[in-house]
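I am keeping this notebook to record, entry by entry, what I looked up in one protein chain.

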Amino acid sequence: MLKKIIDRPVLATVISLIIVILGIIGLNQLAVTRFPDISPPTITVSGSYPGGNSETVIRSVVTPLEEQINGVEDMEYMKSTASNDGTFSISIIFKQGLTTSKQQNSMVLIFNIYTEDNKQYDETFLQNYANINLIPQVKRVKGVGQAMVFGIKDYSMRIWLNPQKMSSYGLEPADVSRAIADHGLESAPGKLGEESDAALEYVIRYKGKKNKPEQYENIIVKNTGSQVIRLKDVARVEFGAISNTGDNLSNGKNAVTVAIMQTTGSNANQIEIGVNKALDQLSKSFPPGIKYTKVMSTKERLDEATGQVKSTLIEAFILVFIVVFIFLQDFRSTIIPAVAVPVAIIGTFFFLLVLGFTINVLTLFALVLAIGIVVDDAIVVVEAVHSNMEGTDLSGREATHKAMSEITGAVISITLVMSAVFIPIGFMSGSAGLFYKQFAYTLAIAIIISAVNALTLTPALCAVFLKNNHAREGEKPKGFGQRFAVAFNAGFNNMTNRYAKGVRFLIGKKWIAGGLIVAVIGVAGWLMSSTPKSFVPMEDDGFFMYTLSMPPGTALTKTTEVSNKINDILKGVEAVQENTSITGYNLLSNSAGPAYAMGFVKLKPKKERGEVQDIQEVVDRATAKLGVIKEGSVMTFRMPPVEGYGMTNDAEIVLQDRMGRDPQVLKAKADELIGQLMQVPEVAFAYTMFRADYPQMELEVNEDKAKQLGVSISNLLGTVQTYFSGDQSQNFSRFGKFYRVNIKADGVFRMDEQAFNDIFVKNEKGDMVPVNTLMTLKKVYGPESVQRYNLYNSLNINVSPKPGVSNGELMGKLEQTLNKLPSDYSYEWTGLSLEEKSAGNQTIAIFGLCLLFVYLLLAAQYESYILPLAVMLSIPTGIVGAFLGIKAIGLDNNIYVQVGLIMLIGLLAKNAILIVEFAIQRRKAGLSILDSALEGAKARLRPIIMTSLAFIVGMVPLMISTGGMASGNKSISTSAAMGMLSGVVLGVFVIPVLYMFFQYLDEKFSAKKKYNTIENQLTNETI
């Protein structure tokens, strides 16, 4: 079949056209994302217990829920948070591979709805306008898992009770609640005339629940017969916000901030396009003076990242084309490999669709690297055809037939080896495994398609296009092109002869050769173990965040005042484009509290940032300027490069109290541990956001006295709860939305403990009993929020490394201290740190498996367990260059470097196979081991240098790239290019020596047939 296809060029082109058409179909249907869908599937359960403090909510609500949720299938870990405002959330993080329809942790878009005039619209109006008119439509965009509004200022009917008037009229909050419930009913009275002889039927309707302040004001709460007491007599009624525990500003303007979370498996790019379209349409009907602006956009980063790699694809293709032309020196010969590249690259997209992959940075990286690889097979075919033409009068078709009979097996075996390198990747799990799979399988598919091309399209094109011009080689060269070709070939032949002398010298000096090989292997091992490890490098996303922590017990008014100072300072930072501040919320602990504030800061495009353009320098300068804030603690940080793993890029430790003791005990242990961690040389600083010193009042009821006075304990606590926390059991409808009635004492009656002097409760006889005679208040201290992790009370400790220290290296050092914790405490890594830890452990095993698969395939090919070691031991020559390259530019051994190394194993093995395979053939033809090694080295030097140089040149655009993906681009390109460079420079000398040594051992120890050569003259001195 393969021989016949040379004579059937139409069939060959049809096969390639089908591959291209399928690839175009896949390209049009594939989702575009920045990274593979690696954010862990997450389900969040949230709610509130009005009036409950953090410890009460943990005891009464969170713990029972956790007990039921724990152990659900494929659960990775579970974490919970409860705050003093009564809110709680339980997040269940699942293992990769589980499909859920819930939102991920990753935010794909953050936008603000703001007013141009603060006097015209307040935050309550803006938030409810967004909830009524924007959020429902945004949520309908395909892929949106949640549209999260920062702030809780939903409309509510606020019933502000006056305890003094209440007691004077003999009322308690329960009386007001009952009156509102009695007047706020939905009823279905029925019909008149139905099932009768009446001529007409009438539907009887009732106006339903009240929804305006004046309607509530006139509700009768007590009727003594002689006196009617209405709600307005004992309370102030207001249609306002259900909570006033936070403020939201955008560049000093009233605003509401909305974060869009995506569902698992959705297309982040399409989500933002859909949301942008919805916002553009909705903005046309905004009230005058209301605008919207984007604070953080995944699409902008995505477009920049994929745009860079797409342009690099074209640049790499052109550079590879030039290199191939220089070596082949014939346009017809060059155009054949050039045609093969687009077929392999475009055809790969179809199989990406079949495998459920996306077009992302990893798959595009793989395609860029594939350009330099897939051209190899076509070059091998073209070179073989030219070799058969030299010194003969064979036509292009005849030479192609002869060449394909010689190299078909080699093309297939090299393809199998290159593909086999990537097979173990399928055994990887977790987020790191998804990174590896998408890169490796994309590359493997492109290589397999290129092999199909090399056996179908390339020979058919060779038979049609190539002409035998070798008969004119003795003629005097005419024109610059021919003179350049003659000079280039002469120079290359001279270099080849010098190279052969160098190889002969190494073979003669066996101790130098052996020392070089051992040194290369040793240096490679040392570089792999000593280079700092990390997951994904930080990139310039033009965005950072900050948090403000005020002293415990600080009221919202003071926090807002300091937050405004921060806003003023950030206005003076030249690189800042927009600053969104939110008070009353702790971003790092995901909890609400009046002593906290946070902010999102969007930077200008890099070229517009002024004097300082590097994002880390901008953040450092902003941090230095914010150092003047003395009232509280301000912390700036950048988002981690991979969404869905928390808000910071620090190493994240969870400290667990396995005995369930008081939060103060856990905090004391955490402070002690942080002190120890700060002594680790690699630590810049360690901190926890957990505080257990917030001023609180502990309420103690004199139960005996209450019973003596006929007061129900339940009624007593219910009265206190309604006055100070509120009763939200009633509801009403307005603007097509469902809102709460919030019954609570007015703010002026809740300022300090003296407020209890005005509170009265009814006893069994209906008499009003002062509450302060039945209870006492005691000052205590406790946490603002309480966390649990995998059913244990816990807190998070974040550790930032010093400059130049990677998270992987830092975590290794921290464990030396963490492993000394007493048995009643434990620790776990969480978030991105957990992924980095698991990825690092898997990587070693996967590299080992990749090498094992290559070794076994070579063993099967050579029918020897010894000879493949000549190929395997040449691989460290490339590893040395890869790690020296990334060290030289200050990068870590991150996941881009690691996927590049796996590909490098295949490429370096292929180069070694070219020399070893040819040497074995020469050995079988009758040459000695020494001569066969030299012949193999000389004969395969040109194709090795040509294909390797084409690959290295294809990496240059990525190596010099800038912008939002510069770190990733440089990681993968520098490691691959420098690894290939050192692998060629050292490998071409090391491989012949290794071949001689292992060929000698193979023949000495295996029961193979003896070769009819002068090999019997081989001595130990030669080896």
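**Entry: ground rules**

I note that this is a predicted model, in which local features need pLDDT of at least 70 and side-chain atom pairs count only at pLDDT 80 or more, whereas totals for chains, interfaces and linings use all residues. Residues are numbered from 1 along each chain as its sequence is written, and side-chain values use heavy atoms, with hydrogens and water left out.

**Entry: confidence**

I looked up pLDDT, the predictor's confidence in each residue on a scale from 0 to 100, and found that the chain averages 83, with 93% of the residues scoring at least 70. Over residues 1012-1023 the pLDDT stays under 50. For that stretch the model has 21 contacts beyond four places in sequence, a contact meaning heavy atoms within 4.5 Å.

**Entry: salt bridges**

How many salt bridges does the count come to? I counted a salt bridge wherever a side-chain nitrogen of Lys or Arg lies within 4 Å of a carboxyl oxygen of Asp or Glu, and by this rule the count comes to 20. As background, side chains of opposite charge can pair when their charged atoms come close.

I began with R661 and D824, whose side chains meet in a salt bridge at 2.9 Å, N to O. This pair links distant parts of the chain, 163 residues apart: R661 is in the loop between β19 (651-657) and α19 (663-677), and D824 is in the loop between α22 (807-818) and β29 (825-829). The helices and strands named here are DSSP runs, numbered from the N terminus (helices are H or I with at least four residues, strands are E with at least two). R661 is partly exposed, with a relative accessible area of 29%; in these entries buried means under 20% relative accessible area, exposed means over 50%, and partly exposed lies in between (1.4 Å probe, protein chains only).

I then turned to helix α19, where D671 and K667 lie four residues apart, about one turn of the helix. Their side chains meet in a salt bridge at 2.8 Å, N to O. In this pair D671 is partly exposed at 40%, whereas K667 is buried at 15%.

K669 forms a salt bridge with E672, their closest N and O atoms being 3.5 Å apart. These two residues are three residues apart in helix α19, and so are separated by about one helical turn. Here K669 is buried, with a relative accessible area of 14%, while E672 is partly exposed at 42%.

I also noted that E123, K153 and D247 are linked in a network of salt bridges.

**Entry: cysteines**

I searched the whole structure for disulfides, meaning pairs of cysteine sulfur atoms within 2.5 Å, and found zero.

Most residues other than glycine have a negative phi. I found that N251, although not a glycine, has a positive phi of about 50 degrees, and that N790 likewise has a positive phi of about 50 degrees. N251 is in the loop between β12 (248-250) and β13 (253-263), and N790 is in the loop between β27 (785-789) and β28 (792-801). Is each of them buried or partly exposed? N251 is partly exposed, with a relative accessible area of 40%, whereas N790 is buried at 19%.

T458 is found in helix α14 (residues 457-465) and counts as buried at 1% relative accessibility. Leaving aside neighbours within four places in sequence, T458 is in contact with I336, A340, A378, V381, V382 and N453.

N70 is found in the loop between α2 (54-69) and β2 (75-83) and is partly exposed at 36%. With neighbours within four places in sequence again left aside, N70 is in contact with M75, M78 and L791. I also looked up N70 and A684, which are 614 residues apart in sequence and 36 Å apart in space, C-alpha to C-alpha.
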